[in-house]
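Please open the model in your viewer and keep the sequence panel beside it.

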Amino acid sequence: MKGHQIQSKIISMEIEVLNAVRQRTLDQFTEGPSVKESRLFFLLLPFFSGKTWSPDIEASAKTVSIVYAALHAHDQIKEDAPIIKEQQLTVLAGDLYSGIYYQMLVNAKNIVMVQRLASAIIKVSESKTSFFEEEFRTVEEIEEAITVIETELLMSFYTFYGYTEYAPLAKQALLYIRYAEELKRLQSKNYSHFLRELNTNLVHENYTKYWLTEKLDSLHEQILASIADCALDYELAQFLLHQITPHQHRAEQLTREG
């Protein structure tokens with residue numbers, strides 16, 4: 001499959017997902033529904049790789065995408081902002097998207113998938129909540145929480161449909177994207193709950209910067225190895241490396257820069 005065909009399929013699914021959850025008033029006063037291209041890419045990766053792919057599987061992939069849209073909407077609520085109409089509508093938007101994906105799952109009569117997705121949503125929500133608790137955690141425990149947040153929903157989809165061969169690659173890539181975003185936030189002093197906790201744990205944000213950069217280098221090497229393990233064809237591997245996880249970070253360079 002050529003790069004433009006991969007991009008076209010991702011855009012097509014994004015449009016279908018956004019149309020399924022679009023609501024005029026919410027679109028006017030909130031950021032509107034959003035699903036990252038990277039998440040759609042990995043939901044569709046078995047299809048791109050030529051694995052068994054039925055209309056029911058594609059419907060489940062869209063449902064998982066709507067779950068992502070719902071969780072994203074709830075993430076946009078700022079706890080230190082005064083309650084204004086946009087914030088209230090953002091809460092309603094997340095609830096609306098949640099209702100739509102439950103309706104889609106019920107319509108599909110896929111009870112086992114509903115149960116697995118519900119379990120994944122609980123784990124993701126608990127891990128997000130853990131960043132608001134004021135208990136000391138090790139770096140490894142913080143990493144585990146981020147891993148659940150970024151990958152649990154996709155892993156439930158892969159496990160249910162037997163696509164677990166892509167799980168290591170997807171985990172590495174989604175964590176790479178999250179840590180790249182966190183590094184940008186750190187450089188712009190736009191601290192997330194994750195960065196605040198990591199800064200506290202590592203004592204100084206320079207150590208956090210080095211930790212993130214080293215992590216990105218390590219994940220990039222793991223991604224290259226996993227691409228070979230999954231035997232992705234050339235076009236698919238190039239799309240992943242250049243469009244989804246472009247690597248721009250080198251821990252060695254950061255060390256030289258002091």
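**The whole chain**

With everything displayed, you can trace 12 helices and zero strands in the protein, where helices (H or I, at least four residues) and strands (E, at least two) are DSSP runs numbered from the N terminus. This is a predicted model, in which local features need pLDDT of at least 70 and side-chain atom pairs count only at pLDDT 80 or more, while totals for chains, interfaces and linings use all residues. Residues are numbered from 1 along each chain as its sequence is written, and side-chain values use heavy atoms, with hydrogens and water left out.

Of the 258 residues of the protein, 48% count as buried, which is to say under 20% relative accessible area, with exposed meaning over 50% and partly exposed lying in between (1.4 Å probe, protein chains only). Among contacts with a separation of 6 or more, 73% join residues 24 or more positions apart, a contact being heavy atoms within 4.5 Å.

**The nonpolar core**

Next, select Phe 41, Phe 42, Leu 153, Phe 157, Tyr 158, Phe 194 and Leu 232, the residues with the most contacts inside the largest nonpolar core, which has 74 residues. Helix α8 (residues 167–187) gives the most to this core, with 12 residues. Such a core is a set of buried Ala, Val, Leu, Ile, Met, Phe, Trp, Tyr and Cys residues joined through side-chain atoms within 4.5 Å.

Centre the view on Phe 157 and, leaving out residues up to four places away in sequence, you will find that Phe 157 touches Leu 43, Trp 53, Ile 57, Ser 60, Ala 61, Val 64, Met 113 and Tyr 163.

**The loop between α7 and α8**

Move on to Gly 162, which is found in the loop between α7 and α8. Gly 162 counts as partly exposed because its relative accessibility is 48%.

**Around Arg 137**

Finally, select Arg 137, in the loop between α6 (111–130) and α7 (139–161). Is Arg 137 buried or exposed? Its relative accessibility is 14%, so Arg 137 counts as buried. Setting aside neighbours within four places in sequence, Arg 137 is in contact with Ser 130, Phe 131, Ile 142, Ala 145, Glu 197 and Asn 201.
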